[in-house]
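Hello,

Here is the structure I promised to pass on to you. Please open it next to this email, and I will walk you through what turned up.

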Amino acid sequence: MNEEGRLQRSDAKVNAVPEKDYSKYFEHVYQGPNLKEAKRRGKEDVKYHNDFKIDEQYRGLGRGRKFFIRTYGCQMNEHDTEVMAGIFEALEYEATTDVNEADVILLNTCAIRENAENKVFGEIGNLKHIKQAKPDVLIGVCGCMSQEESVVNKILKSYQNVDMIFGTHNIHRLPAILDEAYMSKAMVVEVWSKEGDVIENLPKSRLGDTKAWVNIMYGCDKFCTYCIVPFTRGKERSRMPEEIIAEVRDLARRGYKEICLLGQNVNAYGKDIEGLNYGLGDLLADIQKIDIPRVRFTTSHPWDFDDRLIEVIAAGGNIVPHIHLPVQSGNNEVLKIMGRKYTREIYLELVGKIKRAMPDVALTTDIIVGYPNETEEQFQETLSLYEAVQFDHAYTYLYSPREGTPAAKMKDNVPMREKKDRLQRLNKLVGDYTERALSKYLNEEVIVLCEGPSKKNDEILAGYTEKNKLVNFKGPKEAIGQFVKVKVTETKQYSMNGEMIEIIKPLEV
């Protein structure tokens with residue numbers, strides 16, 4: 001909300017009169033994103049806030065109303081959805097899985113790929129019929145796409161069925177934004193383009209009671225040339241260790257079996273806090289002492305992966321032997337253009353360190369093909385690096401320019417047919433090595449954390465091993481949310497099938 005609007009509302013409260021103040025209905029609230037501000041990285045201290053609460057004026061705002069959130073993108077977006085759901089419930093809204101019966105519809109968006117944005121615009125268009133049938137329904141767009149100037153301008157111009165747009169930095173402002181949207185006849189846009197603060201004690205409505213996300217830091221300072229995240233999420237800022245440890249202990253008390261520590265660049269944790277000689281390795285060492293069976297973390301940048309972190313993961317305990325370590329390319333020239341800050345040789349040296357400390361570790365990665373100026377010879381180096389490391393799996397992508405990033409100014413000069421051909425060849429190699437990694441488990445017994453029915457068959461249960469291998473098996477409903485011992489009877493390219501042997505008692509995990 002702009003400053004003039006805030007003063008108007010403040011004055012209205014101070015000079016309250018019995019007559020209703022209809023001026024609120026005609027305010028135009030607009031604070032759009034600013035790319036120049038989003039790029040800024042100052043030396044100001046990060047502000048830590050522990051004073052979130054639902055103001056008295058917003059209590060009961062959702063009474064008799066339902067909310068629906070559709071989430072796109074990464075685990076950070078999923079966690080943001082949990083926070084927004086927690087705020088909705090604190091306002092007395094009721095969650096619904098049916099978009100047609102919702103009174104508030106939020107699209108929590110991802111900006112990492114062009115395809116993800118296209119899906120969101122398509123969904124906004126699909127929601128027009130709901131708005132026509134129920135004009136009082138509020139439709140909102142939030143998340144990373146909202147932080148982009150071009151996206152907000154496009155929505156303002158072409159999607160009048162949207163009532164509110166807010167960004168990643170002001171999720172805690174959701175009660176006020178909803179209140180404005182109910183009263184304003186204009187679209188409410190409140191997107192802060194700032195380096196970022198840390199807001200603690202936000203309510204969360206967890207998406208399940210078996211696995212939980214735990215944010216340990218926000219933002220990114222790496223500025224890879226293809227990536228919009230440093231602009232949409234702000235600078236790197238770590239939560240205080242005691243806040244994280246308290247949250248993990250609470251999850252352990254509530255019976256959660258697995259947590260995943262989240263950060264855009266998770267292994268840079270602690271480096272931004274002046275005077276704190278405490279990194280991700282130290283945090284994991286403290287979490288090893290907490291009675292929670294499995295602990296993961298994502299996503300790592302090779303530049304910040306230090307010896308202390310390797311030492312702690314190798315010590316075992318509840319830290320799983322699975323590391324996701326994006327490489328993006330196997331060629332030094334492409335890595336340089338990407339702004340990745342390491343070379344092929346440095347990456348392979350790091351992998352060597354990890355494997356010497358943990359010979360049985362499962363390594364996965366991310367790879368982009370068809371980057372500007374990438375030649376066939378350079379692509380071949382990506383294939384050879386993949387064979388040298390023998391990753392268990394990889395997430396692969398065609399390069400697509402993101403407006404506002406340095407790469408978007410480069411000439412996208414690899415023809416689409418070549419991009420697709422390279423992706424097809426890479427995926428063939430990925431599939432071969434993934435199948436090979438899974439084949440080692442044939443006729444072996446594995447421990448699986450059962451998450452529920454398979455996505456493809458309600459009569460089959462599914463879950464993951466500590467190395468993040470998907471296992472499908474038949475079993476009783478009592479197995480859901482429990483660790484189970486499964487004998488692998490079939491290995492496929494990306495998953496395994498098995499026979500359940502037993503549900504494991506907690507003390508045996």
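**Salt bridges and cysteines**

The count comes to 40 salt bridges, where a salt bridge means a side-chain nitrogen of Lys or Arg within 4 Å of a carboxyl oxygen of Asp or Glu. As background, side chains of opposite charge can pair when their charged atoms come close.

Before you look at single pairs, a word on the model. It is a predicted one, in which local features need pLDDT of at least 70 and side-chain atom pairs count only at pLDDT 80 or more, while totals for chains, interfaces and linings use all residues. Residues are numbered from 1 along each chain as its sequence is written, and side-chain values use heavy atoms, with hydrogens and water left out.

Start with K222 and D304, which form a salt bridge whose closest N and O atoms are 2.9 Å apart. This pair links distant parts of the chain, 82 residues apart: K222 is in the loop between β11 (217-218) and α8 (229-233), and D304 in the loop between β14 (294-298) and α11 (307-314). Helices (H or I, at least four residues) and strands (E, at least two) are DSSP runs, numbered from the N terminus. Both K222 and D304 are buried. Buried means under 20% relative accessible area, exposed over 50%, and partly exposed in between (1.4 Å probe, protein chains only).

Next, find E374 and R422, a salt bridge with its closest N and O atoms 2.8 Å apart. E374 sits in the loop between β16 (362-369) and α14 (376-389) and R422 in helix α15 (residues 416-439), so the pair ties together parts 48 residues apart in sequence. E374 and R422 are both buried.

Now try D432 and K428, whose side chains meet in a salt bridge (2.9 Å, N to O). Because they are four residues apart in helix α15, about one helical turn separates D432 and K428. D432 is partly exposed, at 28% relative accessible area, and K428 counts as exposed at 53%. Elsewhere, salt bridges that share partners join E374, E376, E418, D421, R422 and R425 into one network.

How many disulfides does the structure hold? It holds zero, a disulfide being a pair of cysteine sulfur atoms within 2.5 Å. For C227, the nearest cysteine sulfur is that of C224, 6.2 Å away. C227 counts as buried, at 13% relative accessibility. For C450, the nearest cysteine sulfur belongs to C260, 19 Å away, and C450 is buried at 0% relative accessibility.

Enjoy exploring!
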